[in-house]
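User: Please take me through this structure one step at a time. I am new to reading models like this one.

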Amino acid sequence: MLHKFDNTSPEFTSIRKEWMALLARAPNTLLNDIVGPHIASTQPSWLRRPETGLMMIQARVGGSGERFNLGEVTVTRCALRLGEMDGASPVGVSYVLGRDHKQAQLAAVADALLQDATHHGDLEVKLLQPVRQFLKHQQSTRHSRAQTTKVDFFTVAREASSGEDGELS
Amino acid sequence: MKSQELQNVVAGFTHEAFGSQAVFRTSLNALSYPGRPLEMPLDCALPRQGQGAAAALLLGLLDSDTTLWMSPSVLHSDATPWIRFHTGCKVVDDVRAAQFIWVAYGDSLPQISKLMLGSDAYPDQSATCIIETQGFDNGVADLVLQGPGIDGDRRLNVMGLPEVFVDQWASNHGIFPRGVDVFLTDATHVVGLPRTTRISRKTKA
């Protein structure tokens, strides 16, 4: 699903809600490459260790109709603080699909770093932009694959009758 | 929860399962031996406001199905986001709708008869009240406790317990099987007072 915050224009700077949505859908390898080194250098203190549970997903018929329970998904969440408890160190939170605790930790660390003005610009370029690119690419691939199965229904106009047969009812 | 509130939240139990079970065991023992001060295992980071034993007790007992009322001095502190973050409990304004009551030391005690008292059919649907006090010591005991779990009688000295408590407790005991259960705490210890316990002031000789 492509959202309006998947905007890829270069002047676009994201707010927290948007980057958390991006981090939740970021490919694991990209997160590991960019955020992995930060985990080695800073020891996060856990507010909530990674824990896996189920969440009920709700949807609407046709996107606008009655709400119904679509099904449950596995979600892993965690919350951590980078640095000391002094009211200034950022707290990172993440909710990601699946059971990968490491991915949840990486996303939470990235969330915390993005709140820090010294790291924000760097990560915006190195992490968020590539994630947007990735999601856009994924979206267009899926779209084009789906397009090949598209069927256009149309009605063939009957030729005008010569008059003797009369109108078919 | 706003991110500004989350900024001041400290960690919960070091080990969630062991920590909460140790707290639960202590609270069970406290209610089994009314009036006996028991040391609360404090295996968790604590908010700045509120007593450690009270905070740890609530952290162990609450979950997302429970409602909590907090007295003003803990409500407007870092204790509120802390307990909400770690337990998912619902903090309510109306003391009559709360399953757990946290009365910080120095705050006035809500009238016990106004709390959830359960019904005769469901006496378990009553509130549990956690009242912070200044401490328990072995000096001149001013309260005499009697009832199930106590062999004969037990003397208890509580410092900083609101004066009105003993009278309110008598009417709470009178409506058995309905009524609230109480935990008294200081920074490190907890005393259980189940609704079955009778409390009387020691008559001055």
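## From strands to chains

User: Which residue in strand 3 of chain A is the bridge partner of A:R81?

Analyst: Residues are numbered from 1 along each chain as its sequence is written, while chains are lettered from A and ligands numbered from 1 in the order in which they are written. Helices (H or I, at least four residues) and strands (E, at least two) are DSSP runs, numbered from the N terminus. In strand 3 of chain A, the bridge partner of A:R81 is A:V91.

User: How many bridges link strand 2 and strand 3 of chain A?

Analyst: Two strands pair if DSSP finds at least two bridges between them. Strand 2 and strand 3 of chain A pair in the antiparallel sense, and their number of bridges is seven.

User: What angle does helix 3 of chain A make with strand 3 of chain A?

Analyst: Helix 3 (residues 101-115) of chain A packs on the sheet and touches strand 1, strand 2 and strand 3 of chain A. Here two residues are in contact if their C-beta atoms, placed from the backbone, lie within 7 Å. Axes are lines fitted to C-alpha atoms, for helices over the stretch in contact, and angles run from 0 to 180 degrees between N-to-C directions. The direction of helix 3 makes an angle with that of strand 3 of chain A of about 140°.

User: Which strands of chain A stand at the edges of the sheet?

Analyst: Three strands of chain A form an open, antiparallel sheet in the order 1-2-3. Each edge strand has a single partner strand, so one side of each is left without a neighbour in the sheet. The edge strands of chain A are strand 1 (44-60) and strand 3 (91-97).

User: What is the phi of A:G62?

Analyst: Strand 1 and strand 2 of chain A pair in the antiparallel sense over 14 bridges; A:A59, for example, has A:F68 in strand 2 as its bridge partner. These two strands form a hairpin with six residues between them. A:G62 sits in the turn, with a positive phi of about 65°.

User: Helix 1 and helix 3 of chain A: roughly parallel or roughly antiparallel?

Analyst: Helix 1 (residues 16-24) and helix 3 of chain A pack with their axes 10 Å apart, at an angle of about 155°. Angles under 35 degrees count as roughly parallel, over 145 as roughly antiparallel, 65 to 115 as roughly perpendicular and the rest as oblique. Helix 1 and helix 3 of chain A are therefore roughly antiparallel.

User: How many charged residues are in the contact of helix 1 with helix 3 of chain A?

Analyst: From helix 1, A:R16, A:W19, A:M20, A:L23 and A:A24 meet residues of helix 3 of chain A, among them A:D111 and A:L114. Ala, Val, Leu, Ile, Met, Phe, Trp, Tyr, Cys and Pro count as nonpolar, Asp, Glu, Lys and Arg as charged, and the others, Gly among them, as polar. Seven residues of this contact are nonpolar and one is polar, and the number of charged ones is two.

User: How many contacts does the stretch of residues 4-12 of chain A have beyond near neighbours in sequence?

Analyst: Chain A averages a pLDDT of 84, and 85% of the residues score at least 70. Over residues 4-12 of chain A, though, the pLDDT is below 50. Where pLDDT is low, the predicted coordinates should not be read in detail. Beyond near neighbours in sequence, the contacts of this stretch in the model number ten.

User: What is the angle between helix 3 and helix 5 of chain B?

Analyst: B:A55, B:L58 and B:L59 in helix 3 (residues 52-61) of chain B meet B:A79, B:I83, B:H86 and B:T87 in helix 5. Helix 3 and helix 5 of chain B are therefore roughly parallel. Their axes lie 9 Å apart, and the angle is about 25°.

User: Which residue does a cis peptide bond join to B:F176?

Analyst: The omega of this bond is about 10°. The residue in question is found in the loop between helix 6 (165-174) and strand 10 (181-185) of chain B. The cis bond joins B:F176 to B:P177.

User: What ipTM does the predictor give the complex?

Analyst: Chain B averages a pLDDT of 92. The contact takes six residues from chain B and six residues from chain A. Alongside a pTM of 0.83, the predictor gives the complex an ipTM of 0.76.

Definitions and conventions: Predicted model: local features only at pLDDT ≥ 70, side-chain atom pairs only at ≥ 80, totals over all residues. pLDDT = per-residue confidence, 0-100.
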